[in-house]
Structures are given as C-alpha cells and as structure tokens.
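This briefing concerns the pockets of one protein model and the ligand that accompanies it. Please consult the sequence and the structure shown below while reading.

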Amino acid sequence: MSEAQLNIVFEGLLWPSHVHSEESLRYAREEFQVRDDDVFIVTYPKSGTTWLQEILPLVYSNGDLTPVHTVPNWQRVPWLEQKTGKSLLENRPSPRLITTHLTYHMMPKSFYTSKAKVVYVSRNPKDALVSSFHYHGMASFLENPGTFEEFIDKFLEGKVMFGSWFDHIKSWWPRKDQDNILFLTYEELLQDMRSALLKLKEFLGKPLSDDAIERIVTQTKFNNMKQNKMSNYSFVPEELMDQKKSNFLRKGIAGDWKTHFTTAQTEHFNSVYTQEMKGINFPFYKD
Ligand code: PPS
C-alpha cells in the first residue's frame, strides 16, 4: 500500500485505512444504537486505551482473570469506529464495553440522549506523541513518521491519525462533571491504581471485593500486561507490527518525552499548548 493509501479522510480527519472505512465511520456516527447500559472507553490514541481494555473487563468480572486471559483486547472491548465494530458490537449482550477514539462531537447520534457511561483517559500529550512516533515506526499500516522534529509539527497541527490532541481534549473536558462521564489520567493510573479502581467501582456501580482490587492491580501492571498474549498484540503478524523495532507495550512510563524532546522543541510545544488551551480550565500537562 502506498503512503497515500494508508489513511482515509473522513470529516476532515485522518483514519488508518487498514482498520477504518468510510462505511465503518458512517455506521458509528449515524446508525449505531447506543444503549443506556453501554460503557465507553474514550481516549486520544496512545493515552491508555489498551490499559483500560484490561481494567474494565476485570472490574466487570470482579477480578476473575478469565476474560483477559482468553479474549484478545480488540474483541473484549471492541472499537466502535473500526471495520469490525458493527459485527462485534451490534448484537452483543449488555452491558457492552466499547472502545473509541472519537471526539465528543463525533460520537454516535444516539449517544447524546442516552445514559451510556464514558470513562475518558487523558495522557500528557508529549508522552502520547512519543508513543505514537514509535508506533508509527513499527506498524506498517501507519505512515512513516519522518524525523521526530517533523512528527512534532504534524502532531501540533493535528495532521495525525484521529486529528488534534487539543481538539480531542477540548471536546471532552467541558463535559467532565456530567454524571455519566468519569475523567481519569494515565498518570493517576500509574501513580495509584487502587484509588482509580475505587473511582471506577463507584462510577460504574460495580461491587468490587478487596481481593478483586488486589488481583486487578497486579494484572494491570505494565510488566504483567506485557506478558499477556491477549493484550500485547503478539498475535498480529510481524509484517503489520514489527515488535522487534518497538514493542506495542513499549515503556509504560510518564515523562518519557524528556528523553526525546530538545529544549527548543519543548519550548515550541509548550507555547503551542498555551495558545491552544487558552481559556480552558485544564490543570494538567502545562510543563
Ligand atoms: S492505542 O494504539 O491508541 O490503542 O494505544 P494505547 O493503548 O492508547 O497506548 C499505548 C501506550 O499505553 C501504554 N500502556 C501502559 N502503560 C503503563 N501501564 C500499563 N499497564 C500499560 N498498558 C499500556 C503503552 O506502553 C503505550 O505507551 P508507551 O509510552 O509507548 O509505552
């Protein structure tokens, strides 16, 4: 596939054509029928999606590891907007756990009048950028990222898959206090998974025993997920994801951007950040 064919353009944004089509995106937006007991994981790419695809099924199984040890993450919590979304989700029994990278404004039309819940996870955009840069380097279905400097420019201009980080966060953050939305950060999951699980327990109204919490804390640690074939994308052929170049579960830390950005790049990023986030009362990731 040529570089030009790697993405499709839908509503002005780039979507990897390997897993998205105009039909799948239109289905997600226009036809998908949201149910009141649906639970969405919403993320900008490389912000903790796979992590939540491990955590939520475990919350729903009260810490029983069977689902995460037997079902691949993309089937366990399917992506709404991908080509497989319709077949995996349409007739799935409730409660459905659903993954999406959509902005608030691109959610299914039936979402806005539903009581469906959203767990939104944000990550420091500089770390999401670094993670995405390495991902583009190992996934043959994504365009060549170019140099790191070039990739920063593309990221800041929103000329990357799923569009601008700023547009994504600015679409969801103002809704963070709605009863059906829980806003979490990648960094808080890293720092204190137990507290995050208590928030999820309360938000989702799921009974979670102390034992279950301990099992989930252990199972969702980076090194354990990295060993889990159902979550580490090792089933994907090397021609598509070359994990010798970079693992999908790569480092799993906060602040890796500091080993990638020069001082000038940091200053440039921060000045665009300040400009973009002006007037948005968003307390994270300012430095
Ligand atoms: S994707 O392609 O959008 O689904 O990617 P996503 O899963 O959102 O992001 C991948 C990054 O999340 C890291 N990750 C974790 N970090 C810490 N602990 C756990 N358990 C964990 N699981 C996934 C993963 O390593 C990617 O980040 P980087 O910085 O590249 O390591």
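Helix α9 (186-191) supplies the largest share of the lining of the largest pocket, namely four residues. Helices here are DSSP runs of H or I with at least four residues, numbered from the N terminus. The model is a predicted one, in which local features need pLDDT of at least 70 and side-chain atom pairs count only at pLDDT 80 or more, while totals for chains, interfaces and linings use all residues. Residues are numbered from 1 along each chain as its sequence is written, and side-chain values use heavy atoms, with hydrogens and water left out.

**The largest pocket**

- A pocket is an open set of points on a 1 Å grid over the protein atoms alone, where a 1.4 Å probe fits and protein lies on both sides within 12 Å along at least five of seven lines; its lining residues have an atom within 4 Å of a point.
- The largest pocket has a volume of about 1,000 Å³, a volume being the space filled by probe spheres set on the points.
- Its lining comprises 48 residues, and Lys46, Thr50, Trp79, Tyr233 and Phe248 lie nearest the centre.
- Besides α9, the helices α2, α4 (73-76), α6, α10 (193-204) and α12 each supply at least two residues of this lining.
- By class, the lining holds 26 nonpolar, 14 polar and eight charged residues; Ala, Val, Leu, Ile, Met, Phe, Trp, Tyr, Cys and Pro count as nonpolar, Asp, Glu, Lys and Arg as charged, and the others as polar.

**The ligand**

- The ligand takes up the space of the largest pocket; a molecule sits in a pocket if more than half of its atoms lie within 2 Å of the grid points.
- Of the 22 residues around the ligand, Thr49, Thr50, Ser131, Tyr186 and Lys251 come nearest, where being near requires a heavy atom within 4 Å.
- Helix α2 (49-60) gives the most to this shell, with three residues.
- The shell consists of nine nonpolar, eight polar and five charged residues.
- A polar side-chain atom of Thr49 lies 2.4 Å from an oxygen atom of the ligand, and an N or O atom in the side chain of Thr50 is 2.4 Å from a ligand oxygen atom.
- For an N or O atom in the side chain of Arg250, the distance to an oxygen atom of the ligand is 2.8 Å.
- Taken alone, the ligand exposes 640 Å², of which the protein buries 98%; these areas come from the Shrake-Rupley method with a 1.4 Å probe.

**The second largest pocket**

- The second largest pocket has a volume of about 180 Å³.
- Its lining has six nonpolar, no polar and three charged residues, among them Pro57, Tyr60 and Arg76.

How values were computed: A polar contact is a pair of N or O atoms within 3.5 Å; within protein, one must be able to donate a hydrogen and the other to accept it, and residues adjacent in sequence count only if both atoms are side-chain atoms.
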